[in-house]
Amino acid sequence: MNIFLLQLKKSPRAIIGLSVLLLWVFIAFAGPSMTTRSYTHMDMEYQMAAPGEGGHTLGTDALGRDVLSRIVYGSRSILTIALMTSLFSSIAGIIIGFTAGYFGGLVDTIFLRIMDILMAIPPLVLAMVILGILGNSTILSLTIIVSIAYTPATARVARGALLTCASNEYVDAARIRGESHFYIMFIEILPNTIGPVLVEITARFAYSIMMIASLGFLGVGLQPPTPDWGMMVIENKSIIRTAPWTVLYPSLSIASLVIAISLFSDFISKVMIHEE
Amino acid sequence: MKNKQKTMPVLEINNLNVEYKTLTDRIVAVKDISLKVGRKEALGIIGESGCGKSTLTYAIVDYLPKNGSRSGEVIFMGENLLEKSPKEMESYRGNRIAMVYQNPYSSLNPSLTIGFQLEEVTMFHQKFSRSKAREAAIETLTDLYMGDAAGIIERYPHQISGGMQQRVCIAMALLCKPDLMILDEPTTALDVTTEAVILDIIGELKEKYNMSLIYISHDIGVVNKVADRIAVMYRGEVVETSSQEAIFNDPLHPYTRALISCMPRAGVVKETVRLNTIPGYVTRRSAAETGCPFVPRCDKKRPGCEDRYGFTERKSGHFTACDRAYAEDVPERPVQIKKKEVKLPDNGPAPEHRTILQLDKIYRYFGPPGKRIRAVDGVDLTLDRNSVLGVVGESGCGKSTIGNTVGGLLRPTSGKIIFDGTDISVSWRKRSPETLREIQLIFQNPGRSLNPSFTLEAIIGRPMKKLLGINSGEERKKRIVDILKKVDLGEEYLYRRPRQLSGGEMQRAAVARAFSISPNLLICDEPTSALDASVQASVLNLLVDLQKESGASYIFISHDLNVINYLSDMIMVMYLGRICEYGEKHEVVGSPCHPYTEALLSAVPDVDPSIKKEAIRLEGSPPDPTIKIKGCPFAGRCHRKVGTVCDTTPPPKVDFSETHFSYCHIKPAKIEKKVMQAGEVMRTQEI
């Protein structure tokens, strides 16, 4: 852990990334209780108000809803879904990838082919189709679907990480002392794949945010009135010339969060994988 | 002018220092080295890994990594190379100073033909035309006894064997007729018979091309074969230089002495000699350190040694850095153990209980039918209780496959393994916990056989919990501490992780893990070949002690005949998945009855330069293991081939004594006559 902090000190980009990420996490936690306006409240006197007008720091949209409160509330859902998604897809990916790589042979072939089929469909299209069929998107359904869409990629990473480790003789040593497959996979091998797996989780985190924003933008994300960054962009598309802030600020939010996570993820991969 | 050239040393290094800058420290890799290499002289440099041998050669040719810096003088043919610009150095590297490195496979470009890579050299340095370069390439390859040189230059590196690849690398170095050739462990990755051939050729070519050599190796025996003079390096310093005879017969530096006496060699066997060990291991040297580098591990140190350091000529041509340890005393010999009374076997258990392991026609194939590799091709074997079987052979002979099959990692394709009366010819999954406990494996690379995520407590405790059923943590801990003490690791190692240990400590921890559950059969697969000589000795001693104490049997697999000879009671020689010869140690080593054993023995490099053996040059490489061989697998390379019968009929089993047999077509009576020189040497050298 000490080495981790030492390395962090030397990497300004990682510090920026981590700070922005923590700032967003803070906003998501504490922000809603600090904003004075509800994200659904329509201020009829100040429709399309410019930033600063009538106490609306970041202005209002066509219906007179406060952009700042909507961004603050929106950060909650997007962070929750993205975090859950990266965790779930990593766990599922590890289980599938490990099983395939560990047993090899026919098991490997079957699992890989299924993953290939899933990967052949672009994740966004896959998610859209399922969401389109299901109709009403909720936080839960979004999480599950985005997780499924990302599982094949994480499974491949996990399988690769396992194969690198499985050639080590400590695995043989465990075998000939009669350990179960489960023990060998998850107690002997898993801790040694933590590097690539952590990198994958953080990278997946950034991807998830983009995916959720994209789904919102395409109208299959969280349904109104729940504020969603992607949806905010598409809702206000028509007034982009008269009230650009309604599109600009949600877009900046998405960009800043994704870039922050990517910067931090680069750092993780540098520390975890290239350490030795 | 011409006269001057003759007397002038080809290379003179004066007070060369090399430092590496790391984030936290400055590390001294080479300190204050002065050396001379004369015309046609071969200088051998020996030392353990991390002693700066390779760094020294990189410093000579200005090939250090970016964080390295050098100072001092490197005078090559009268010119100081340290003052040359990188551009000027290009005309030296590969041209007047040539290098050959350890791994030929990574030195050659796999996507270019050998011819193209050889031609490049002379086209660049000598501005040859391609056709002329091709001629030169063929000519040089022919000098290296590459039969079909014109055919070989059309091939790609992966299409020829490792020994051939290394010859190509040497040819590449020779193309520009260099004044100095630097060889950095060129034979370490090769099999011992291939090594012998290459060392032979190197010696010949030195004369023919009128060049000087610097030959680097960790193995004194190898260096002995080529070097006129030897420099011993330790932690970046040259601690002793002298002629090769003097280094062995009259070493003056404690490190040289310790190094020589810790190497298993001809005539050194566990029954009579306990290997010397050097406590500790080679550590990095920081810039702040002064004085003798060997002090922390020296058993002859006296007060004040920490501050002294002086490289002086003690005898004619014999320089050493230590002027204190051996001022008066005579050279010592390794500790000898008094021979114990030989136990009469009659008192032992009845013959049927004497055997612990029996292999009955074991076959193990890999790969699909048609392309199957016959890794083990019909091996019968019995192993007695409380005895050590050494399995020796070159890479690909199936010795590890045997170990893994007995250990349960592989299932035999056919055949029976009987262990202690039970049939265990199944994989680990179907073996009983009792069998799993009784057979333990020790692997070659301890860095890979110990899980880096766990502490030693967890690593050694797990088998105890799993196979001995000791569930109480307290009880386990007590036992772990006991076993750690047995392998010379203190209680403080309990919570260390493998990466915090040195290579030797890791291997001792692996031995502790194997012995923590008191096995009856231990399979050691090259357990010391990844270790340095001084560390190897301590692990070998440990294995000998634990064997005596526990009465377990060993299957000890190694490519190193000296190590096998030291540790084993019985020796089995394998070639291409089959047994060549089997017998008691003194029978196999003393009077080898198979031509392959004979060739192996003659190829083993000797630490003692006075041992002169008839060199047997085995040509070619083992045949393709996917092709079924009708006759004797060794027939194609055999120097005592009887005739076509060798190619057509499997060799019969010939018994020489109750325990000693071989598979060979040569008539037993003839073999008796030919009891071979190599064996004689091994016998007469016994102390």
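Me: Where is the place of Tyr145(B)?

Reply: Tyr145(B) sits in the loop between α6 and α7 (149–152) of chain B. The helices named here are DSSP runs of H or I with at least four residues, strands are runs of E with at least two, and both are numbered from the N terminus. This is a predicted model, in which local features need pLDDT of at least 70 and side-chain atom pairs count only at pLDDT 80 or more, while totals for chains, interfaces and linings use all residues. Residues are numbered from 1 along each chain as its sequence is written, and chains are lettered from A and ligands numbered from 1 in the order in which they are written.

Me: What makes Tyr145(B) count as partly exposed?

Reply: Tyr145(B) has 15 C-beta neighbours inside 10 Å. A residue is buried with 20 or more other C-beta atoms within 10 Å of its own, exposed with 12 or fewer, and partly exposed in between, with C-beta atoms placed from the backbone. The count for Tyr145(B) therefore makes it partly exposed.

Me: Why is Lys127(B) called exposed?

Reply: Lys127(B) has 9 other C-beta atoms within 10 Å, so it is exposed. This residue lies in the loop between α5 (114–125) and α6 (130–143) of chain B.

Me: What is the phi of Lys127(B), which is not a glycine?

Reply: The phi of Lys127(B) is positive, about 55 degrees. Tyr145(B), also not a glycine, has a positive phi of about 60 degrees. Most residues other than glycine have a negative phi.

Me: Why is helix α12 of chain B said to be largely enclosed by the rest of the structure?

Reply: Eight of the eight residues of α12 (residues 254–261) of chain B are buried, so the helix is largely enclosed. Among the buried residues are Tyr255(B), Arg257(B) and Leu259(B). The cover over the buried residues of α12(B) includes α10 (220–226), β9 (229–234), β10 (237–243), α11 (244–249) and α20 (533–550) of chain B.

Me: How do you know that β20(B) is largely enclosed?

Reply: Six of the six residues of β20(B) are buried, so this strand too is largely enclosed by the rest of the structure. Ser553(B), Ile555(B) and Ile557(B) are buried on one side, and Tyr554(B), Phe556(B) and Ser558(B) are buried on the other. In a regular strand the side chains alternate between the two faces of the sheet.

Me: Which strands pair with β20(B), and over how many bridges?

Reply: Strand β15 (residues 388–392) of chain B is joined to β20 (residues 553–558) of chain B by five bridges, and the two run parallel. Strand β19 (residues 521–525) of chain B also pairs with β20(B) in the parallel sense, over five bridges. Pairing needs at least two bridges found by DSSP, so both cases qualify. In β20(B), Phe556(B) is the bridge partner of Gly390(B), and Ile555(B) is the bridge partner of Leu389(B). Ile523(B) stands opposite Ile555(B).

Me: What makes β18 and β23 of chain B edge strands?

Reply: The open sheet of eight strands has the order β18-β19-β20-β15-β21-β22-β24-β23 (chain B), with mixed pairing. β18 (439–442) and β23 (653–655) of chain B each have a single partner strand, so one side of each is left without a neighbour in the sheet. From one strand to the next, the twist averages 15 degrees.

Me: How many residues of chain B are in contact with chain A?

Reply: 18 residues of chain B are in contact with 13 residues of chain A; contact requires C-beta atoms, placed from the backbone, within 7 Å. α15 (433–438), α16 (446–449) and α17 (456–468) of chain B each supply at least two residues of the side that touches chain A. α17(B) gives the most, with three residues.

Me: Where is the pLDDT of chain B below 50?

Reply: pLDDT is the predictor's confidence in each residue, from 0 to 100. Chain B has a mean of 85, and 92% of its residues reach 70 or more. Residues 339–348 of chain B are below 50, and this stretch has three contacts in the model beyond near neighbours in sequence. Residues 676–687 of chain B are below 50 as well, with 31 such contacts. Where pLDDT is low, the predicted coordinates should not be read in detail.

Note on methods: Two residues are in contact if their C-beta atoms, placed from the backbone, lie within 7 Å. Axes are lines fitted to C-alpha atoms, for helices over the stretch in contact, and angles run from 0 to 180 degrees between N-to-C directions.
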